[in-house]
Amino acid sequence: MATLGPYHFSPYPTAIVEGVLTPPPGKGLLYNEIVDEEVAMREAAKEMLTRENPTIFVGPLIIYAWNEEAKEMAKLVREMAEVLNAKIIPMVDYRPKYPKINPEVEINPNHPNLTIWHNNIKACIFIGVHCHFANIALKIIRAETDCLTIAMCAKMGHEDAMITVRDQHPEDVRKFIEIAKQVKKELGK
Amino acid sequence: MGNNGTYSGVNKSGQKIVSPDYLLFEAPREKVFMTGSEAVKEAVKRASVDASVSYPITPQSEAAHLIGELWVEGYVGVYFRGESEFGVMSEVAGCSMAGARVITTTSGPGTLRAMENFPMWAGSRLPIQLVLMARGVNAPLTIQPDNLEISFLLDTGVMIWHAENAQELFDMILAGFVVAEKTDVHVPIITAIDGFFISHTRESIMIPPEDIALPPYNPYTSPTPIIDAEIAPGRYIKDPFVMKSNYISYATHASWQWEVRAAIERSRPYAKHYLKGLIEEYGDPEAELVFVASGTAASQAKEATRMLLDEGIKAKVVKVKSIRPFPHQELLEATKNAKYIMVPEFNIVGWLEREVRAAFYGKSNATIIGTPRVAGGMTMPPEIIYKDALKILGKEVSYVL
């Protein structure tokens, strides 16, 4: 079961049971603390650069080029992966995959822990996933794995991720990439 | 929306689109004298509603009928009569899945007939608005007001707001769409009133001009994908991960259920803003006798508070506007000086008393008394509340009842 975060701060129950809500505009969430967005971004970059097998889980809102922003975000995700030395594993769609998924090439919101277990992922970023499906996946990951979760959300954020930033559009992702470059330099990587 | 928070343009009905804050707080208002059902019509007229489905059941029939008039007048995009309450609630679900802003109404046994749909709405993250004009539900058949049916809805995963009067109903309907459609909320909203007491009585309410309206619903802000060629209606409902007997499937469904409950909790800051607080306080702030009530019971408790003051007894009313999410912290704060908490209700089971007891367990030393309680369509004269309060305080009852 969950090993990261405060006691009881894991699904069944979830963060909301502990009174943790999504951050207000301009702010991020670091576990149960509301912090400046830049602080959350810096911590997210540090975790991705220091934990094993960092992975970016990119969802349909980006991997399908349904608007101009999605196309731009897709390029930025690739750049982000290079800076963070991270793998990219897509969340292709939200349908349960039975009898099994291929955890080396995809993650599914209904059983995301399979992908994390199989690849021994210790830090991940969710980006471009519809909020409902990000939230159910984040709850399961929190319960079933020791993976640190980061959510970069275009809407209001995700209290079940351990680090959350909200209202993330291309200019914000560019800012994160710049912060990640600085942190990487500071870490001597 | 523009960068400065203003809106431009008109909706499909030709009304000027304004921000929710402007519509609810800033627009000039005119006093009108109307029934609760007519207040529903006026709210829907300003809500850029895409679709509504109706089915007759007293006391909500008139409100549903008036929404139909709005369709004739061009304010509602689609309107038709369902084949039953179950049909209605299923049909509005389809409209919502297709990206429409939807409202419908029901009452009493109709609510129970449609019951399976409410947790389905919630699990599907559909921001449907149901105006519930509550009435009795049990045999022998009754059409009298009674809010027992709210107790059946408490755990379906929907938000529930309880209006005290037609003014609150008008404002809650408009605010309800705004809050329910927030991406991190996006669950159904039930705006409840005690049927007949509000739906069929006439009172003065203040309403903004009819040529302005809420911004239309943008389905692309939904936390789930809207339907398209790949995602047929209810696709993720029909994919039966919970029918697979393995631990991972159980975990998925558990997570999904928690997520729906979490979504209701996320509505708190928005609801606080648009409802101007999840509770309302009336009377002496320091009073040791506190009535916790919702709906029309709050009105009667306010009158009893005035009567008690004539006797030199200080009391206060804490009106609960939002039942789901339940305002635990606000109630604890508002009753911190209470020695006695009375919960008057218009139903036999005392669902609000249960909620209050659960919220206060281990956190308050006040004595909680679930009284008075009326049912079956009876009114609750404030003298009854007054008399019970005097008894609890060990005082002589001087009013002639």
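This is a predicted model: local features need pLDDT of at least 70, side-chain atom pairs count only at pLDDT 80 or more; totals for chains, interfaces and linings use all residues.

A proline loop and what lies beyond

Modeller: Let's start with P59(B), which sits in the loop between β3 and α3 (61-73) of chain B. As for bookkeeping, residues run from 1 along each chain as its sequence is written, chains are lettered from A and ligands numbered from 1 in the order written, and side-chain values use heavy atoms, with hydrogens and water left out.

Back to the loop. The bond from T58(B) into P59(B) is a cis peptide, with omega near 5°. Chain B has a cis bond from A139(B) to P140(B) too, with omega near -5°, and P140(B) belongs to the loop between β6 (129-134) and α7.

β3(B) runs parallel to β4 (residues 78-81) of chain B, and 4 bridges join them; strands count as paired when DSSP finds at least two bridges between them. One such bridge partner is Y79(B), which sits across from S52(B).

Moving along to T156(B), we are in the loop between α7 (149-153) and β7 (159-162) of chain B. T156(B) counts as buried because its relative accessibility is 7%. Its side chain reaches the backbone oxygen of L153(B) at 2.8 Å. Leaving out residues up to four places away in sequence, T156(B) touches M115(B), F118(B), P119(B), A122(B) and R261(B), where touching means heavy atoms within 4.5 Å.

What about the other chain? Here 31 residues of chain B are in contact with 29 residues of chain A. Interface size is often given as the accessible area lost when the parts come together. For chains B and A that is about 2600 Å², with 70% from carbon and sulfur atoms; the value is summed over both parts, using a 1.4 Å probe. The rule finds 2 salt bridges across this interface, a salt bridge being a Lys or Arg side-chain nitrogen within 4 Å of an Asp or Glu carboxyl oxygen. K139(A) makes one with E259(B), the closest N and O atoms being 2.7 Å apart. On chain B's side, the elements giving two or more residues are α9 (235-238), α10 (247-266) and α11 (268-274). α10(B) gives the most, with 13 residues.

Y31(A), in the loop between β1 (27-30) and β2 (33-36) of chain A, has a positive phi of about 55° although it is not a glycine. N53(A), also not a glycine, has a positive phi near 50° and lies in the loop between α1 (37-50) and β3 (55-58) of chain A.

How values were computed:
Buried area is the accessible area (1.4 Å probe) that two parts lose on being put together, summed over both. Buried means under 20% relative accessible area, exposed over 50%, partly exposed in between (1.4 Å probe, protein chains only). A polar contact is a pair of N or O atoms within 3.5 Å; within protein, one must be able to donate a hydrogen and the other to accept it, and residues adjacent in sequence count only if both atoms are side-chain atoms.
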